[in-house]
Amino acid sequence: MRFQRPPATPLLGCAAILVDFIGLGMIAPILPGIVSSDAVGAILTAQYCAVVLGQVLIGALSDCFGRRRLIVAVMAADAVLFAASGFTNDVTTLIVLRLLAGLSAPVALGISYVAAVSQHVSPAKAAFNFVLVGTSFNLGSLVGAATGGLLGPELWLPANLVSGVIPAVVAVWALVSRDAEAPPPAKPEVPTTSTSAVKIDVAGPPRRGLRAVLTAPVYAGNLLAYVAAGIFQGSFFSLMPVAITAATANYTAPEGAESDADADAAPVIAAVIVAASVFQVLSNFLLVRRSLRCFGAHGHLALFGALGAALCAALAIVAHFAPLEATTLYLGILCALYVVAYVLSATTLTVLNQAAAKYAIRFGAPVGTVTGISRSIFSIAFGVAPAASIAAFGAAAWVPYAAMAALSAVAAAAFAFMVVRRWEDPMPRTAT
């Protein structure tokens with residue numbers, strides 16, 4: 001009986017992203033018990049700086065050699081590099097291994113694969129597929145960090161072997177699967193007299209190719225939103241623990257309750273991260289598609305950017321007027337604002353990923369290259385944010401939140417302008 005290859009599915013692209021970020025994130029909480037603190041920074045910096053370059057490189061290669069074949073290659077590389085990390089504690093070797101692992105990060109590849117698989121499905125199904133992409137990225141980072149923290153330095157070798165076995169399974173899955181069709185070049189759209197028609201924001205005959213999409217004003221707005229999302233999410237995982245630790249250090253128990261002078265911030269930080277991840281998954285599945293149906297991509301990004309700006313402004317106000325002795329109410333407000341702001345940022349990122357792929361298809365540009373550039377912009381902002389936000393927090397607690405509020409407001413205003421001017425929406429509300 002002839003072997004029938006499994007059909008191409010968006011789950012393959014999502015699985016590649018998920019297992020890659022589990023492997024990348026798993027070593028972060030274990031490394032302090034394996035190498036010196038200075039070496040931890042060097043290893044993780046090498047890994048995540050390589051992710052920035054790797055997303056452009058892998059995205060471009062996927063346009064040349066095919067997405068499924070590259071998933072096989074990238075997952076096989078991850079399997080070898082993740083597993084090999086467990087057999088050494090030499091700093092130089094670990095830097096090389098994790099740098100190579102970062103270069104093979106398949107985020108842009110996974111997004112372009114999902115875009116290719118989704119080209120012949122309904123807009124609602126395509127939107128759902130990109131919800132899975134956003135969920136995979138966030139869950140991979142959180143699950144990896146949580147797993148590493150639970151296993152600890154004593155299980156350094158088993159942890160890395162496990163993180164290597166999982167991508168090997170995905171590589172086999174990709175090897176036996178059918179190819180995903182590349183999205184065809186978009187044909188110039190002809191304006192209609194329908195009330196749902198929107199203006200085309202490029203005057204004259206539509207331009208084609210990579211340069212056209214990179215120079216389009218509408219895509220510039222997308223990149224600005226990527227920067228805002230990257231800065232907030234990068235700050236979330238660094239500034240949030242610092243702020244909550246400072247608050248718990250000054251915690252004052254409610255009147256009548258037993259005072260705890262040595263309040264531990266770790267359970268509070270863990271609770272915020274778990275709550276943020278749970279609500280992020282729920283919002284992706286329950287909120288994003290409904291929002292796109294009601295507002296379209298531009299409307300969604302304008303609305304959620306404005307809400308994110310408002311919440312960051314609220315964080316700035318809370319940080320500025322925080323009492324010297326933190327109370328349960330203050331801690332509760334701080335944690336709730338963090339969770340909601342993170343959820344808004346994560347759902348915005350889900351829409352941005354889909355919009356980047358849509359812009360590439362519309363302009364006839366290579367999808368992998370465009371999504372790779374987009375995600376590299378996000379990664380640069382994500383990487384710069386921790387050091388910058390913590391330094392600003394040290395100068396004045398409200399400053400980083402105010403800066404994030406201003407950036408989110410600018411991005412929201414850009415998309416609101418597109419809505420008002422009726423610029424062509426990559427996911428118009430009448431189509432979703």
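Predicted model: local features only at pLDDT ≥ 70, side-chain atom pairs only at ≥ 80, totals over all residues.

1. Two definitions come before the first helix pair. Axes are lines fitted to C-alpha atoms, for helices over the stretch in contact, and angles run from 0 to 180 degrees between N-to-C directions. Helices (H or I, at least four residues) and strands (E, at least two) are DSSP runs, numbered from the N terminus. On these terms, helix H1 (residues 10-26) packs with helix H7 (residues 156-176) at an angle of about 165°, the axes being 10 Å apart. This makes H1 roughly antiparallel to H7; angles under 35 degrees count as roughly parallel, over 145 as roughly antiparallel, 65 to 115 as roughly perpendicular and the rest as oblique.

2. Residues are numbered from 1 along each chain as its sequence is written, and side-chain values use heavy atoms, with hydrogens and water left out.

3. As to overall composition, the protein chain has 14 helices and zero strands. Of its 432 residues, 51% are buried, where buried means under 20% relative accessible area, exposed over 50%, and partly exposed in between (1.4 Å probe, protein chains only). Contact means heavy atoms within 4.5 Å. Among contacts between residues at least 6 apart in sequence, 87% join residues at least 24 apart.

4. A crossing is left-handed if the near helix is turned anticlockwise from the far one by less than a right angle, and right-handed if clockwise. H1 contributes Leu-11, Leu-12, Ala-15, Ala-16, Val-19, Gly-23 and Met-26 to the contact, and H7 contributes Ala-159, Ser-163, Ile-166, Pro-167, Val-170, Trp-173 and Ala-174. By class, the contact of H1 with H7 has 12 nonpolar, two polar and no charged residues; Ala, Val, Leu, Ile, Met, Phe, Trp, Tyr, Cys and Pro count as nonpolar, Asp, Glu, Lys and Arg as charged, and the others, Gly among them, as polar.

5. A second pair is formed by helix H3 (residues 67-85) and helix H5 (residues 107-117), whose axes come within 10 Å and cross at roughly 150°. Arg-67, Arg-68, Leu-70, Ile-71 and Val-74 of H3 meet Leu-109, Ser-112, Tyr-113 and Ala-116 of H5. The contact of H3 with H5 has six nonpolar, one polar and two charged residues.

6. Helix H12 (residues 328-362) and helix H13 (residues 367-395) pack at about 145°, with axes 8 Å apart. The crossing of H12 and H13 is right-handed. Residues in this contact include Leu-349, Asn-353 and Ala-356 of H12 and Val-367, Val-370 and Arg-375 of H13.

7. The largest nonpolar core has 53 residues; such a core is a set of buried Ala, Val, Leu, Ile, Met, Phe, Trp, Tyr and Cys residues joined through side-chain atoms within 4.5 Å. H12 supplies the largest share of this core, eight residues. Among the residues with the most contacts inside the core are Phe-130, Tyr-219 and Val-351. Beyond its neighbours within four places in sequence, Phe-130 is in contact with residues including Ile-111, Asn-353 and Ala-357.

8. His-300, in helix H11 (residues 288-320), counts as buried because its relative accessibility is 0%. Not counting residues up to four places away in sequence, His-300 touches Thr-347, Thr-348 and Val-351, among others. Gln-280 lies in helix H10 (residues 266-286) and likewise counts as buried, at 0% relative accessibility. With the sequence neighbours up to four places away left out, residues touched by Gln-280 include Asn-138, Tyr-342 and Ala-346.

9. Which residue other than glycine has a positive phi, near 60°? This is Arg-422, in the segment after helix H14 (399-420). Most residues other than glycine have a negative phi. At 39% relative accessibility, Arg-422 counts as partly exposed.
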